[in-house]
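Here is a short report on a ligand site and on helix packing. Please keep the model in view while reading.

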Amino acid sequence: MRRTYIAGNWKMNKTATEGVELANELKAAVAGCNAKVLVAPPFTTIPAVKEVLAGSNILVGAQNMSDNESGAHTGEISPAMLKDLGVDVVILGHSERRAIYGENDAFINRKVKLALSYGFEVILCIGETLEERESGKAEAVCLTQLVGGLEGVAKEDMANIVIAYEPVWAIGTGKTATPEDADSIHAFIRKEVEKLFDKQAADDVIIQYGGSVKPDNVKDLMAKENIDGALVGGASLKSELFVPIVTFDK
Ligand code: PEP
């Protein structure tokens, strides 16, 4: 039985002061909810949010991580630095990292393996652009990103891998994939996980949907067999939007 997993990616929003305010609102409002819940603040906001959320049911994640352990990598954040802050989860391969900062599958794969070796749970983001979807390449693109991102990952480590299917054309645009279209790609991803690993890994892997998830579309998306949760961007920045998403089943 896969547990619903709702994650909020704050992107480059919320100073530490603003993050504390939001974390306090969320802490009270989602206590006792059924879903597994994560927030991923910017690096500099993590310590303050972590302090507020200590002892709560909300995990704290990072939005990125270096592919190196230490050394001359100006501006990067190492796995040990995140561990030291008590971070539980790292989001890797977000489409903004791929498109704006040129991250490719081999680079993301190095980070995935490094993060797993430090005991992080990894949310690996994959998804096609509008052009790729319109030219019938959605599955092929997702497959390349899935296989590339998971290259060399051991079956036992799949317990610490979450896949986020995020069609790029749906991120921050207000356009959501229909629950049917999203479920069809999720089913495809699950089948491919089975081919890469085995049926158990495929049955157990959590596949989140991301792309303009809002309080008014979350229920229909979560009702689909292969959609196990959501990675939420814009709507995770306001408690009045994120709380109803997390508690959609109440
Ligand atoms: C995201 O950035 O992962 C995302 C899904 O953003 P939004 O919910 O704003 O579309």
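## Conventions

Helix axes are lines fitted to C-alpha atoms over the stretch in contact, and angles run from 0 to 180 degrees between N-to-C directions. Helices are DSSP runs (H or I, at least four residues), numbered from the N terminus.

The model is predicted: local features need pLDDT of at least 70, side-chain atom pairs count only at pLDDT 80 or more, and totals for chains, interfaces and linings use all residues. Residues are numbered from 1 along each chain as its sequence is written, and side-chain values use heavy atoms, with hydrogens and water left out.

## Helix packing

Two packed helices are described by the angle between their axes and the distance between the axes. Helix α7 (residues 138-150) packs against helix α8 (residues 179-196) at about 40 degrees, with the axes 10 Å apart. The two are therefore oblique to each other. Angles under 35 degrees count as roughly parallel, over 145 as roughly antiparallel, 65 to 115 as roughly perpendicular, and the rest as oblique. The crossing of α7 and α8 is right-handed, meaning that the near helix is turned clockwise from the far one by less than a right angle.

Helix α1 (residues 16-29) has two partners here. With helix α2 (residues 46-53), the angle is about 25 degrees and the axes are 9 Å apart. α1 and α2 are therefore roughly parallel. Their crossing is right-handed. With helix α11 (residues 239-246), the axes come within 10 Å and cross at roughly 30 degrees. This pair is therefore roughly parallel too. The crossing of α1 and α11 is right-handed.

## Ligand site

Which residues come nearest to the ligand? Of the 14 around it, they are K11, E166, G172, S212 and G234. A residue counts as near if one of its heavy atoms lies within 4 Å. The shell holds four nonpolar, eight polar and two charged residues; Gly counts as polar, and Asp, Glu, Lys and Arg as charged.

Alone, the ligand exposes 290 Å², and the protein buries 97% of that (Shrake-Rupley method, 1.4 Å probe).
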